[in-house]
Amino acid sequence: MRFMIIVKATKESETGANPSAEMLAKMGNFNEELVKAGIMLDAAGLASSSKGARVRFSGAKRTVIDGPFTEAKELVAGYWIWQCKSLAEAVEWVKRCPDPHPGSADSEIEIRQINDLSDFPELVDEARAIQGRLAASTK
Amino acid sequence: MTDTARTIEAIYRIESPKLIARLARITRDVGQAEELAQDALVTALERWPIEGVPDNPAAWLVQTAKHRAIDLIRRRQRFDKIGEQLGHEPRENETETAERVIDQLDDRLDDPIGDELLGLVFVACHPVLSNEARVALTLRLVGGLTVEEIAKAFLVPAPTIAQRIVRAKKQLADANVPFEVPRGDELAVRLASVLEVVYLIFNEGYAASAGAEWTRPELCDDALRLGRVLAELAPNEPEVHGLVALMEIQASRLAARIAPDGTPILLLDQNRARWDWLLVRRGLAALDRAFALAPPGSRGPYVMQAAIAACHGRAREASATDWARIAALYGELAAAAPSPIVELNRAVAVGMAEGPAAALAILDNPALQRALADYHLLPSVRGDALAKLGRVAEARAELERAAELATNARERDLLVERARRLG
């Protein structure tokens, strides 16, 4: 199963300051361990929210709100996509991760399982039905 | 299962391959190394639920296993002394002292252990073992899977897998298989054996040979993980990257290759929006690594198969497929690993690239006809080419012959239907 490992932002990371060389080296080593273990599928770091935007939906109305956004710990600073055997395995790997925001009081990493269609038998049937209709319409 | 038990299982999955590899370096016996690691696991299962999970569980497991190893060697030495007193010859490994074990494990606790892990892979995939034994042992020792997980994946009772592993370890001990990374000419042969095992596991997931489900994606994941581990352990071997590329690209199609009624959907009919493009991208990157390591003309069968799979992976729609390149790659594959099936596939690709007459020229080769005399896909492909050339009567005869040869009922019905539609 796949997991998204979400590194939460902090006030410091939102300032857009570059992480220290020491931090980068530690993360580099950890990433290498993940690759060697065969679980790392993808990874990315995100720019601070000042370079982002939000689109709010309300009925037919769409409102664009430009960054930066407050409430740093609700923001995402980066993510990995891992393939693990279980949530427990993903948790164990995250425990080995160097603190992404050393010195910050609210440094946090969240682990979320990525849905597979097979987790939702009824959705699979629906998806298959749609696929069937698509296939029929293109013949 | 309690939370702690789940945690212990996860830690063991992460740590056991390294732990076993480390122990095997000392004991020179993979079976014994696994038993020592198991002992450490049992101790953890007894103590962690009461004492809590240690801060550094990996170091704890190594220390515990080390003490077990020392106990074992001391016990063996006592037996040897008794033996000597009774006039028996001292054992070969008598020089192995408990102190040496302590030294080696302490010194090497933080060593890079790439070579040991690779040694473990080579032993688990050793050619003296049957395919079934190699698969079970590899998933257990290198993949860190439990016996129950392996049993579930292969739809057999757990005791069957447990026995298979016990027998395999005994066979390895009896054959005196050394714990080492083979060198020189032997490396290529043994590496082929390792890749074969990984691809066997993948294919059991990709086109399951048993059970009600046509695919078992979890086995594909297990094989991919093994392949990716191997690619880091042997980064200079193009065929390893070739196999990883092939598996990543094939696995990207898992969700798209089964119809609502459970029947397979052929590659060209698949809805490519349902392909896993993250895996396609990973596969193409692995292929780039393989290509960089092996110049044209020296590329092995996994690299070539991956290159062919990549042609499909690069096409967002079936109509955008580069058939001329696929035909050329099949030609190169036929040179690296000649086989009538490869030749048949080449004929299909040439047919798509240059038209039915060119395909027919390949299919009418008498050697190919003889080699595939009982294979229904030869007359099926030939029938298609003839139909496209307007030679309807011949085409119908070929499709009818294909139907007679087909062993799968669903395929036979399809062939009969195609012959009928030719009128």
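In this predicted model, the largest nonpolar core has 127 residues. The residues with the most contacts inside this core are A:Trp82, B:Leu23, B:Leu120, B:Val121, B:Val198 and B:Ala306. Helix H1 of chain B, residues 3-27, gives the largest share of the core, 11 residues. Another core, of 5 residues, lies apart from it and includes A:Ala9, A:Ala72, A:Leu75 and A:Ala77. In soluble globular proteins, nonpolar side chains tend to be buried together.

Beyond its neighbours within four places in sequence, B:Val121 is in contact with B:Val142, B:Val194, B:Leu230 and B:Leu233. One of these partners, B:Val194, is among the buried residues of H9(B).

Helix H9 of chain B covers residues 185-206. Its 22 residues should span 32 Å at 1.5 Å a residue, and because the end C-alpha atoms are 32 Å apart, the two values agree. The buried residues of H9(B) are B:Leu191, B:Val194, B:Leu195, B:Val197, B:Val198, B:Ile201, B:Phe202, B:Glu204, B:Gly205 and B:Tyr206. They pack against the following helices of chain B.

| Helix of chain B | Residues |
|---|---|
| H5 | 114-124 |
| H6 | 131-141 |
| H10 | 217-233 |
| H11 | 238-251 |
| H13 | 301-314 |

The contact between the chains takes 19 residues from chain A and 18 residues from chain B. On the side of chain A that touches chain B, at least two residues each come from helix H2 (21-36), strand E2 (40-45), helix H3 (87-95) and helix H4 (121-137). H4(A) supplies the largest share of that side, 5 residues. By type, the residues of this side of chain A are 8 nonpolar, 5 polar and 6 charged.

How values were computed. Residues numbered from 1 in each chain as written. Chains lettered and ligands numbered in written order. Predicted model: local features only at pLDDT ≥ 70, side-chain atom pairs only at ≥ 80, totals over all residues. Contact = placed C-beta atoms within 7 Å. Helix = DSSP H or I, 4+ residues; strand = E, 2+ residues; numbered from the N terminus. Nonpolar A, V, L, I, M, F, W, Y, C, P; charged D, E, K, R; others polar. Expected span 1.5 Å × (residues − 1). Buried ≥ 20, exposed ≤ 12 C-beta atoms within 10 Å, placed from the backbone. Core = buried A, V, L, I, M, F, W, Y, C linked by C-beta atoms within 7 Å.
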